[in-house]
Amino acid sequence: MSDAFRRVIVSKLIEILTENNVYNLDNVNKMIKLEDTIFKENNNVYKYKDTIRHYYNNLNPNGYVQNKNFLNVFLQQNVSVRDVLRMSPQQIFPERWTDVVKKLSVIQKESMFYTVKSDVESMLKCGKCKQKKVEYTELQTRSADEPMTKFCYCSNCGFRWKM
Ligand SMILES: [Zn+2]
């Protein structure tokens, strides 16, 4: 990572401050510290760029992710750069997270299936060849009152059935 590139990043971060009328020495120092900490914690160029991009997009209230509040949170005096770097995506952008949770529950209602797991169940006996070499995939519903469906496959004779 070249120093020139890092300076461009820092100037981009400081631009956010000027564009939002919160340019002052403390805030500039906080942006510099953010970049520097991300640089020190991410030894690989891709990780550095990804992390910078993530914070830049969320800090910029007019950026494409439209996170209107994170800049205010970041600039609070009692919030340190380390605190911010430890924040989860939900903490960085709670509104978007709420949206995701809403969408998720709709998807869960629409499609009944929630988790899929595969296993070899030695207790299951193939209805055709009577061998106990049965693999199954279980489709588990989100609501506990729905019974799970097992999709079984006999690895001995290839017979498939549902139970
Ligand atoms: Zn079989």
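**View 1. The buried residues of helix H1.** Ile 9, Leu 13 and Ile 16 are the buried residues of H1. Buried means 20 or more other C-beta atoms within 10 Å of a residue's own, exposed means 12 or fewer, and partly exposed lies in between, with C-beta atoms placed from the backbone. Down the H1 axis, the buried residues fall within an arc of 40°, so they line one face of the helix. The arc is taken over the directions from the helix axis to the C-beta atoms. This is a predicted model: local features need pLDDT of at least 70, side-chain atom pairs count only at pLDDT 80 or more, and totals for chains, interfaces and linings use all residues. Residues are numbered from 1 along each chain as its sequence is written.

**View 2. The cover and the exposed face of H1.** Helices H2 (25–41), H3 (45–59) and H4 (70–75) are among what covers the buried residues of H1. Helices are DSSP runs (H or I, at least four residues), numbered from the N terminus. Turned away from the buried side, the other face carries exposed Asp 3, Ala 4, Arg 7, Val 8, Ser 11 and Thr 18.

**View 3. The largest nonpolar core.** This core has 15 residues; Leu 13, Leu 34, Ile 52, Leu 59 and Phe 70 touch the most other members. A nonpolar core is a set of buried Ala, Val, Leu, Ile, Met, Phe, Trp, Tyr and Cys residues joined through C-beta atoms within 7 Å. H1, H2, H3 and H4 each give two or more residues. H3 gives the most, with four.

Technical notes: Contact = placed C-beta atoms within 7 Å.
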